[in-house]
Amino acid sequence: MQNSGVRIGTQVRNRDFRGPDFFAVLNVDGNNSRQGWVVWEENGRYPDVIVELMSPSTAAIDKGIKKNLYEQTFRTSDYFVYDPFDPNSLQGWHLDDNQQYQPLTPNDRGWLWSKRLGLWLGTIEGTIDRETAIWLRFYDVAGNLVLLPEEAAIAQAKAAVAQVEVVVAQTEAAVAQAEAAAAQAARLAARLRKLGENPDIL
């Protein structure tokens, strides 16, 4: 494992190997400052999940050489490939007990389950950074979209605005109730005065 890590490191330095487009390494110290993920500086830890974005010119490498590398050297639990210009191109594999990749079967939406992350990986049409496209996104076990940080911030802001609107509506209702009660009291006082009673001393 150490030798293969050094070999990969040499390949990176020689630019013979390009790192994955997206990867996740679980259960690491997030407080360490990193410019990138360097296996030999991380006690030999390889990614737990990798996603490669394919193009017609890289598909054979992504599903061949890289898939073999991630299976046999990295031992990456879940590996996915996707061509952003072909919404039906999503494929994935999970490392079985024999340390061999087995193809993942999509659900009825075409999503693939990442056992390592406990999330679905699927596509959705939408706009991110002002670009409308069919994006590859994660979904939780119930099928809810896992929000990007910017989306989560917007959702929190909208929730805060909604809370303020509820408080404003409640305040307006309380004011309206108080005004109605004051108007009713004024009408009652006027009637009492017509009857010759002083409402202020009752």
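Strand S2 (49–53), strand S7 (119–128) and strand S8 (131–139) each contribute at least two residues to the lining of the largest pocket. Helices (H or I, at least four residues) and strands (E, at least two) are DSSP runs numbered from the N terminus. The model described here is predicted, so local features need pLDDT of at least 70 and side-chain atom pairs count only at pLDDT 80 or more, while totals for chains, interfaces and linings use all residues. Residues are numbered from 1 along each chain as its sequence is written, and side-chain values use heavy atoms, with hydrogens and water left out.

The largest pocket holds about 490 Å³ of space. On a 1 Å grid over the protein atoms alone, a pocket is an open set of points where a 1.4 Å probe fits, with protein on both sides within 12 Å along at least five of seven lines; lining residues have an atom within 4 Å of a point. Grid points are joined across faces, edges and corners, and the volume is the space filled by probe spheres set on the points. The lining comprises 21 residues, and Phe-22, Leu-53, Trp-135, Leu-136 and Arg-137 lie nearest the centre of the pocket. S8 provides the largest share of this lining, with seven residues. In class terms, 18 of the lining residues are nonpolar, none is polar and three are charged (Ala, Val, Leu, Ile, Met, Phe, Trp, Tyr, Cys and Pro count as nonpolar, Asp, Glu, Lys and Arg as charged, and the others, Gly among them, as polar).

Eight aromatic pairs are found in the structure; rings of Phe, Tyr and Trp (its six-membered ring) pair if their centres lie within 6.5 Å, with planes under 30 degrees apart counted as stacked, over 60 as edge-to-face and the rest as tilted. Phe-22 and Phe-138 make a tilted pair, at 5.9 Å centre to centre and 50 degrees between the planes. Because Phe-22 belongs to strand S1 (residues 22–24) and Phe-138 to strand S8, this pair ties together parts that are 116 residues apart in sequence. Phe-22 is partly exposed, at 35% relative accessible area, whereas Phe-138 is buried, at 18% (buried means under 20% relative accessible area, exposed over 50%, partly exposed in between, with a 1.4 Å probe and protein chains only).

Tyr-79 and Trp-93 form a stacked pair, with 5.7 Å between centres and 20 degrees between the planes. This pair links distant parts of the chain, as Tyr-79 sits in strand S3 (residues 78–82) and Trp-93 in strand S4 (residues 91–95), 14 residues apart. Tyr-79 and Trp-93 are both buried. They belong to one aromatic cluster together with Tyr-46, Tyr-70, Phe-74 and Tyr-101.

Helix H3 (residues 65–74) is itself mostly covered, with seven of its 10 residues buried. Among them are Lys-66, Leu-69, Tyr-70 and Phe-74.

Charged contacts complete the picture. The structure holds five salt bridges, each defined as a side-chain nitrogen of Lys or Arg within 4 Å of a carboxyl oxygen of Asp or Glu. Arg-34 pairs with Glu-42, with the closest N and O atoms 2.6 Å apart; Arg-34 is partly exposed at 28% relative accessibility, while Glu-42 is buried at 14%. Asp-62 and Lys-66 meet in a salt bridge of 4.0 Å, N to O. Asp-62 is buried at 3% relative accessibility, and Lys-66 is buried at 9%. Salt bridges with shared partners also join Arg-45, Asp-48 and Arg-116 into one network.

Most residues other than glycine have a negative phi. Arg-75, in the loop between H3 and S3, has a positive phi of about 55 degrees although it is not a glycine. Gln-99, in the loop between S4 and strand S5 (101–103), likewise has a positive phi, of about 60 degrees. Arg-75 is partly exposed at 36% relative accessible area, and Gln-99 is partly exposed at 35%.
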